[in-house]
Amino acid sequence: QVQLVESGGGLVQAGGSLRLSCAASGLTFRQYNMGWFRQAPGKEREFVGAISWMSTTQYADSVNGRFTISRDNAKNLVYLQMNSLKPEDTAVYYCAASSGYYGPKDSYDYWGQGTQVIVPS
């Protein structure tokens, strides 16, 4: 059974940093592309970024240059390092996994339950 568990969310002041982690189990992690998405209150879920099984990365324009995705295949972990956080980054952040898809659409096979990030204005 595939399981994705996000952690590391919390409250951080604007301009601060936070690192989210996503622990994967039940799959051959090194073969999977991993995505990060977020959903703010009253808004649709949106793409944040993704890392391929080869460790190439792509980001949404809104976070490019502030957020960095990395992975540790030995530990089955994917990270989302968030710097220079803004109030508009407030959302529930989700990680997702796909063996075939790598991109900004929500065409991933598996999803975590999410972790809340709050950046007060």
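A charge is taken to sit over a ring if NZ of Lys or CZ of Arg is within 6 Å of the ring centre and within 35 degrees of the ring normal. By this criterion, Arg19 lies over the face of Tyr79, at 4.1 Å from the ring centre. Arg45 places its charged end over the ring of Trp111, 3.8 Å from the centre of that ring.

The model is predicted; local features need pLDDT of at least 70, side-chain atom pairs count only at pLDDT 80 or more, and totals for chains, interfaces and linings use all residues. Residues are numbered from 1 along each chain as its sequence is written, and side-chain values use heavy atoms, with hydrogens and water left out.

The protein chain has zero helices and eleven strands. Helices (H or I, at least four residues) and strands (E, at least two) are DSSP runs, numbered from the N terminus. The radius of gyration, taken over C-alpha atoms, is 13 Å, close to the 14 Å that the globule rule gives for 121 residues, so the protein chain is as compact as a globular protein of that length. The globule rule is 2.2 Å times the number of residues to the power 0.38. The C-alpha trace spans about 40 × 25 × 25 Å along its principal axes.

Of the 121 residues, 43% are buried. Buried means under 20% relative accessible area, exposed over 50%, and partly exposed in between (1.4 Å probe, protein chains only). A nonpolar core is a set of buried Ala, Val, Leu, Ile, Met, Phe, Trp, Tyr and Cys residues joined through side-chain atoms within 4.5 Å. The largest such core holds 33 residues; Met34, Trp36, Leu80, Met82 and Tyr93 touch the most other members. Strands E3 (18–25), E4 (33–39), E5 (46–51), E7 (67–72), E8 (77–82) and E9 (91–98) each supply at least two residues of this core. E9 gives the most, with five residues.

Six aromatic pairs were found in the whole structure. Rings of Phe, Tyr and Trp (its six-membered ring) pair if their centres lie within 6.5 Å; planes under 30 degrees apart count as stacked, over 60 as edge-to-face and the rest as tilted. Phe37 and Tyr108 pair edge-to-face, at 5.5 Å centre to centre and 75° between the planes. This pair links distant parts of the chain: Phe37 is in strand E4, and Tyr108 is in the loop between E9 and strand E10 (110–111), 71 residues apart. Tyr101 and Tyr108 also form an edge-to-face pair, at 5.3 Å and 85°. Tyr108 is buried, with a relative accessible area of 6%. Ring pairs link Phe37, Phe47, Tyr101, Tyr108 and Trp111 into a cluster.
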